[in-house]
Amino acid sequence: MSSMALEVKNLESWYGESHILHGVNFAVRDGEVVTLLGRNGAGRSTILKTILGMTSRRKGVINVFGVETVDLPTYQIARLGIGYCPEERGIFGSLDAQENLLLPPKVSSGGMELEEIYEMFPNLYERRNSPGTRLSGGEQQMLAMARILRTGAKLLLLDEITEGLAPVIVEKLGEVVTKLRNKGFTIVLVEQNFRFAAELADRHYVVESGLIVEVVERADLKAKAEVLNGYLGV
Amino acid sequence: MKSFKFWLFLAILAVAIAAPFFAYPIFLMKILCFALFAAAFNLLLGYTGLLSFGHAAFFGGAGYCAGYLMRDMGVGPGGAIILGVLFAAALGALIGGLAIRRQGIYFSMITLALAQMFYFICLQAPASGGEDGFQGIPRGELFGLIDLQADLNLYYCVLATVLAGFLFISRIISSPFGQILKAIKENEPRAISLGYNVNRFKFLVFILSAALAGLAGAVQALVLGFETLTDVHWSMSGLVILMTLVGGVGTLAGPFVGSLVIVLLEHRVGEIGNFLAQITGVNWFNSLGESVTIVTGLIFIFCVMAFRRGLVGIFTKKQ
Amino acid sequence: ADPSAVKIGFITDISGLYSDIDGQGGLEAIKMAIADFGGTVLGKKIEVVSADHQNKADIAASKTREWIDQDGVTVVFGGTNSGTALATSKVAAEKKRIYINNGAGTSALTNEQCTPYTIHYTYDTVALANGSAKGMMDKGLKTWYFLTADYAFGYALEKDATNVINASGGKVLGTSKHPLNASDFSSYLLQAQASKAQVLGLANAGGDTINSVKAANEFGITKTMKIAGLLVFITDVHAIGIQNAQGLLATEAWYWDQNDQTRKFAKRFFEKMKRMPTMVQAGNYSSTMTYLNAVKAAGTSDSDKVMQQLRKVKINDMFTKNGYIRKDGTMVHDMYLFEVKTPSEVKSPWDYYKLVATVPGEKAFAPEAYSQCGNK
Amino acid sequence: MEIFGLSISALLSQLLLGLVNGSFYAILSLGLAVIFGLLNVINFSHGAMFMLGAIVTWMAGQYFGINYWVMLILAPIVVGLIGIVIERLLLRHLYKLDHLYGLLLTFGLTLFIEGVLRSIYGASGLSYSAPDALRGATDLGFMVLPNYRAWVVFASLTVCFATWYVIEKTSIGAYLRAGTENPTLVQAFGVNFPLMTTLTYGFGVALAAFSGVLAAPIIQVSPLMGSNLIIVVFAVVVIGGMGSIMGSIVTGLGLGLVEGLTKVFYPEASSTVVFAIMVIVLLFRPAGLFGREK
Amino acid sequence: MSLPETILETIGLGKSFKGFSAVTDVNLKVARGAIHALIGPNGAGKTTCFNLLTKFLEPSSGQILFNGVDITSEAPALIARRGIIRSFQISAVFPHLTVLENVRVALQRELGTEFYFWRSGDSLNVLNDRALELLHEVGLEEFAHEQTLNLAYGRKRALEIATTLAMEPELMLLDEPTQGMGHEDVERVTELIDRVAKGRTILMVEHNMKVVASIADRITVLQRGAVLAEGSYQEVSKNPLVVEAYMGSHGGDNL
Ligand SMILES: Nc1ncnc2c1ncn2[C@@H]1O[C@H](COP(=O)(O)OP(=O)(O)OP(=O)(O)O)[C@@H](O)[C@H]1O
Ligand SMILES: Nc1ncnc2c1ncn2[C@@H]1O[C@H](COP(=O)(O)OP(=O)(O)OP(=O)(O)O)[C@@H](O)[C@H]1O
Ligand SMILES: [Mg+2]
Ligand SMILES: [Mg+2]
């Protein structure tokens with residue numbers, strides 16, 4: 001089965017007056033893992049936010065599991081089966097860690113169980129009764145990732161999930177993503193950590209100034225190393 | 001651009017100097033006092049990010065204090081105003097000293113609470129005259145030189161005072177001190193980590209703002225010849241917020257425009273209503289005079305919904 | 001100004017707390033008086049301007065100033081709220097224009113802050129307190145407990161009433177001071193009840209009076225004590241509702257159902273305003289008439305001459321019999337102590353009062369001898 | 001036996017009265033706390049909504065002959081609907097801005113609503129009496145307690161605790177609390193937050209209206225009846241901790257008691273005691289008695 | 001008088017939150033002039049340590065000595081004025097000031113005119129050159145007059161470092177200075193830190209092992225609030241405990 005999970009055509013987006021995306025095109029098939037790479041400020045996070053309708057204005061075509069979503073409100077888009085892990089983490093201080101974890105409503109069946117998640121992130125189990133924002137930076141990052149695994153969302157938009165995490169945890173996250181991928185999740189990953197991304201993704205998109213300027217298939221990685229280096233300085 | 005502002009300022013000044021020959025001096029003086037009051041308030045809200053809901057205490061408090069000194073202690077208007085300002089500053093130190101330790105809405109609520117306590121003190125104190133108001137404040141002579149009985153003399157003295165207040169505020173805003181205030185408004189923990197004791201800054205600016213509000217109040221008491229509970233009631237604190245909001249928060253000209261609009265409205269709503277009825281033919285406008293609160297409420301709603309940058313904001317372009 | 005023209009300024013609370021007592025109704029009363037007078041005086045049309053002072057003294061004062069200077073207003077009628085009244089009175093005196101107040105309580109208008117041009121027409125706190133206290137004492141109710149609003153107005157009422165009570169052998173057993181605009185009176189009422197006094201004197205006004213009466217009923221205090229409202233308007237009784245208000249004693253200067261004259265006026269007023277006039281609105285009518293008559297008699301609207309004339313006449317109209325204006329500006333007239341009827345006694349809407357006692361003007365108002373007013 | 005010159009029975013009765021008032025504060029401040037805690041709006045028009053509750057009740061009785069008991073349910077619904085309209089048309093657009101704007105908008109609304117009703121019904125008030133079933137009083141031995149007051153305590157406490165349960169113990173409550181901090185993110189999880197905020201505002205306002213109905217028989221029903229109360233209720237919410245549900249309930253009751261005692265021992269201070277307590281509490285517990293520090 | 005060899009020392013430093021102890025008995029010695037890295041798994045207590053050192057949190061136990069002086073009981077602003085300046089883990093800038101003004105706020109303190117509300121704002125222009133110099137160092141020169149709000153995340157971090165540098169700190173505490181930056185930026189900032197470290201001392205928390213390996217003179221590894229190991233990168237990275245708890249199989253070198 002290889003229908004489209006996400007299809008983005010000529011996507012434009014604005015924050016207030018500033019025009020950030022200028023016509024982004026890309027598509028992700030069911031079960032694929034793709035990354036969005038680019039410099040700071042290139043607009044990668046904005047792509048994810050725009051898909052969910054979280055910028056002030058947008059234009060173009062966004063198909064999520066075959067449903068056209070440009071005119072839908074955020075919550076309805078999310079209910080199509082999207083799990084979003086924002087770059088600023090978005091942990092709720094008025095809820096404790098466990099409440100944070102249980103917060104996102106289930107959007108379909110097949111989400112992970114609480115025990116499974118705690119097993120994956122033992123730190124969270126230990127701190128489950130602390131107010132969310134009292135967790136350490138890295139713990140908050142784990143929590144943000146963990147809470148969308150429960151919901152049964154099949155399309156995950158992950159923004160810089162390795163940021164600020166200890167190398168051991170990054171390694172573990174790599175395993176998690178691999179596992180999710182094997183389970184059939186579709187994942188769009190925004191990453192700075194190229195090494196991390198390279199091992200996981202089927203395809204890489206390079207974003208610059210609100211446009212996709214390069215597509216690199218997994219197989220072509222070696223061949224295009226030079227090009228990538230030019231864009232990213234790897 | 002700068003020279004444009006300068007010419008604009010001169011033009012306004014010229015209008016202000018000529019105004020008493022065309023309009024009521026007392027009415028104009030009231031606008032000036034409220035403008036200074038709103039500017040003092042804006043120093044806190046617009047430039048430091050502190051919403052005080054108790055500024056009426058300084059305005060009215062200084063008015064009562066100066067009035068008492070002039071009527072019952074025989075102090076001249078100059079001295080009484082200075083002492084009134086000092087009183088407001090001291091009250092500001094007291095209220096500010098307690099309030100600045102808390103942030104955001106808690107700050108607003110503490111100022112409201114303390115000002116409310118001050119209101120009840122004014123209400124109950126025999127010296128204030130309660131509901132009768134503190135009446136019969138004599139105008140006297142300014143430093144034994146200028147006879148303030150004449151409205152025109154008084155007007156120019158008030159204009160000079162208010163102008164000085166305005167210039168002082170604009171200096172504070174652009175001063176090194178003002179720069180730190182902006183930084184505190186933007187990100188307080190960062191300002192602390194850069195070694196600034198933010199509470200001291202807030203304390204100082206609170207006192208400055210209270211003192212300037214006091215100056216406005218004391219001058220107003222002199223102008224009107226009485227001081228009443230209206231000036232210390234919380235609705236006065238609400239009114240000064242409205243003036244600032246209508247004019248434009250965080251702008252220099254905003255408070256002036258705002259006070260002009262609000263004072264005009266308070267005094268002229270009936271006439272405005274009749275005028276509207278005449279030009280539109282809608283009879284309902286004639287009854288506007290009975291409904292100042294309705295109109296004020298609508299303006300509030302309108303400003304908040306459509307006009308958040310205030311009247312001044314509409315005419316100045318976005319950067 | 002042209003001394004033959006008459007232009008009336010009317011400034012009162014039109015949109016606030018006291019607007020029912022005076023407000024639009026007050027303006028209507030003045031207009032009725034002008035119409036009844038014939039609409040012209042000394043061959044000129046009589047005009048009225050009005051404004052809402054929103055209970056702010058500065059607005060009252062500056063409006064008045066402007067009217068006198070710009071519009072050539074010859075007389076200013078002022079309404080409720082003492083602060084605005086005193087401020088307006090000062091401005092009027094400074095400009096040598098007559099100021100007639102209906103509705104402010106403060107006796108300072110004709111006492112320490114009197115002016116040669118100020119007339120206090122309907123009532124003042126002294127008359128109210130005296131009226132209540134005298135009336136009750138005469139009925140043999142001698143021990144009192146006061147519920148007093150904690151500011152100058154409340155103190156003044158309580159003090160004046162206490163003087164009368166002490167002078168005629170009564171006793172004040174206690175006082176509870178309550179904050180202005182309180183919503184709950186039950187704890188004061190329990191204290192009052194415990195004092196075992198015969199009369200509960202309410203030295204407060206408006207919402208405070210209404211809330212205290214409502215609570216007094218709930219706690220059954222009306223069964224053991226008589227409640228005397230020192231300042232109660234018929235609109236307050238209306239707001240309390242007859243069920244709760246019955247038995248309440250109220251001092252008023254005027255009531256619509258006193259005689260044919262009052263009923264006639266009230267009926268015409270009711271047709272226009274859909275409610276019965278208060279004593280203040282009646283006062284507005286009467287004082288306007290009195291003023292216009294004085295202008296006519298003096299043949300000029302010059303303030304000094306009109307004042308002279310005003311001090312000469314006896315006032316006999318729907319408002320009072322044999323009233324007169326004293327040198328200090330007090331209009332001396334009878335005050336009445338009413339008791340609110342029981343629901344079964346009420347025959348028609350607004351039929352609230354039965355007369356308990358009449359306190360002659362000389363006894364109700366403060367003796368001129370004690371006044372600190374300079375122009376007595 | 002006497003304590004501070006007051007007999008035990010007098011003291012007990014004063015405490016009981018304090019509790020009655022406290023339950024009023026509790027339910028009023030609860031509505032404010034719900035709206036602030038969940039929508040981050042300082043609802044200045046709460047007093048006006050309280051007043052609307054009472055006036056709607058009066059109107060229904062006057063024009064349609066609908067009785068008190070029906071209005072106890074109907075008035076909150078009517079006023080809640082008004083609240084929903086206000087939220088949809090106006091408040092909605094202000095959530096992203098500073099608290100200040102919500103406060104100012106509702107302040108303006110208060111002036112407007114009060115002004116309109118005053119121009120229709122006047123300022124002196126409308127008469128409304130308790131339903132027959134609740135007239136009369138019960139002798140408790142140390143005092144005579146009017147039945148209506150007992151009913152007020154019962155009704156408001158029941159509503160208070162039901163509200164507390166929903167917000168603190170159910171998942172709807174969790175969405176609301178999370179939405180306060182970051183509404184866009186909560187929507188990104190698939191929660192229809194706009195609808196929830198609308199309903200929450202409607203509910204908070206309905207609570208105010210409910211207390212208005214409760215108050216109608218015992219205090220002056222007039223367009224301005226809410227404005228005197230609102231400042232004190234604000235103080236209650238702040239002392240309890242802005243947005244803390246339990247805090248506003250407990251503080252409401254507690255302050256009723258303290259205020260009651262002040263009325264006995266030092267009545268001059270009874271109007272200021274709440275504010276004094278507020279200042280002291282905030283100095284020692286910056287987020288209020290039950291608030292969470294941010 | 002020569003200054004002591006150890007610029008910062010903690011003795012038995014501890015902090016617990018409602019029974020949970022985030023930091024226990026940490027004895028840290030930071031040598032003058034060194035770049036000292038504090039690493040450890042997430043939640044080990046690194047940020048908490050920083051918070052204790054700058055008094056954003058009150059220590060539950062222990063002492064902090066700066067240049068031999070006990071500063072345990074001093075207020076945050078005073079500590080900053082002693083020369084201990086920190087950056088935040090989560091970006092901290094003044095969003096509505098321009099980039100230049102951001103730096104100037106930090107530079108302003110040395111003028112000593114911060115309370116002069118009567119002095120003209122032009123008196124601050126003397127700081128512009130120095131501010132631009134600092135912005136140049138972090139590559140933000142061209143954004144000098146931009147509103148800080150409009151900068152991308154990585155650039156805000158760079159600005160924060162510039163601001164911190166402006167304080168001429170004797171001891172600089174950097175909490176994950178390269179977090180969220182692209183590769184070029186990481187390299188530039190690493191270089192920058194190395195450069196500015198001359199003549200001052202740096203204590204930094206960093207998860208990027210490449211950065212740590214290239215510039216840190218000494219490393220302390222925290223785990224569960226306590227010191228697990230200490231030494232040079234070579235020593236620490238070979239320590240099996242550290243590998244297990246923190247570095248993982250790639251030796252932390254995941255870039
Ligand atoms: N809320 C906002 N308002 C206005 N402009 C914004 C906002 N958020 C981001 N921008 C601007 O949009 C552009 C793209 O930002 P985006 O966050 O998508 O970048 P990014 O590729 O994710 O980079 P980073 O590595 O910094 O996260 C930047 O120039 C940024 O300044
Ligand atoms: N104010 C607080 N209240 C309760 N617990 C806290 C508080 N601050 C920190 N903690 C807990 O203390 C532990 C240490 O936190 P800290 O922020 O110091 O970790 P860290 O070493 O900086 O981790 P990271 O690398 O993930 O940022 C964490 O488990 C955190 O949950
Ligand atoms: Mg990003
Ligand atoms: Mg950390």
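**Exercise 1. The span 231–258 of chain D**

Over residues 231–258 of chain D, how much of the chain is helix, how much is strand, and how far apart are the end C-alpha atoms?

*Solution.* The model is predicted: local features need pLDDT of at least 70, side-chain atom pairs count only at pLDDT 80 or more, and totals for chains, interfaces and linings use all residues. Residues are numbered from 1 along each chain as its sequence is written, chains are lettered from A and ligands numbered from 1 in the order in which they are written, and side-chain values use heavy atoms, with hydrogens and water left out.

Step 1. Take the assignment by DSSP, where helices are runs of H or I of at least four residues and strands are runs of E of at least two, numbered from the N terminus. Residues 231–258 of chain D are 86% helix and 0% strand.

Step 2. The end C-alpha atoms of this span are 17 Å apart.

**Exercise 2. The surroundings of ligand 1**

Describe the site of ligand 1, from its place between chains to its polar contacts.

*Solution.* Step 1. Ligand 1 lies between chains A and E. Of the 18 residues around ligand 1 (a heavy atom within 4 Å), A:N40, A:R44, A:S45, A:T46 and E:N150 come nearest.

Step 1. List polar contacts (N or O pairs within 3.5 Å). Oxygen atoms of ligand 1 lie 2.6 Å from a polar side-chain atom of A:R44, 2.8 Å from a side-chain N or O atom of A:E87, and 2.9 Å from a polar backbone atom of A:G43.

Step 2. Of the 630 Å² of accessible area (Shrake-Rupley, 1.4 Å probe) that ligand 1 has on its own, the protein covers 78%.

Step 3. Helix 1 (44–51) of chain A and helix 5 (153–166) of chain E are the elements giving two or more residues to this shell. Helix 1 of chain A has the largest share, three residues.

**Exercise 3. The magnesium ion**

Which protein atoms are donors of the magnesium ion, ligand 3?

*Solution.* Step 1. Donors are N, O and S atoms within 2.8 Å of the metal (3.2 Å for Na, K and Ca); water is not among the atoms, so sites may look incomplete. The protein donors are A:S45 (OG) and A:E87 (OE), 1.9 to 2.4 Å from the ion.

Step 1. A:S45 is in helix 1 of chain A, and A:E87 is 42 residues apart from it, in the loop between strand 6 (82–85) and helix 3 (97–102).

Step 2. A:S45 is buried (under 20% relative accessible area), at 11%.

**Exercise 4. The surroundings of ligand 2**

Repeat the analysis for ligand 2.

*Solution.* Step 1. Ligand 2 lies between chains A and E. It is surrounded by 20 residues, of which A:S136, A:G138, E:K46, E:T47 and E:T48 are closest.

Step 1. Its oxygen atoms lie 2.5 Å from a polar side-chain atom of E:T48, 2.9 Å from one of E:N42, and 3.2 Å from a polar backbone atom of E:A44.

Step 2. The protein covers 92% of the 630 Å² of accessible area that ligand 2 has on its own.

Key: Polar contact = N/O pair within 3.5 Å; in protein donor to acceptor, adjacent residues only side chain to side chain. Buried < 20%, exposed > 50% of the residue type's maximum accessible area, 1.4 Å probe, protein only.
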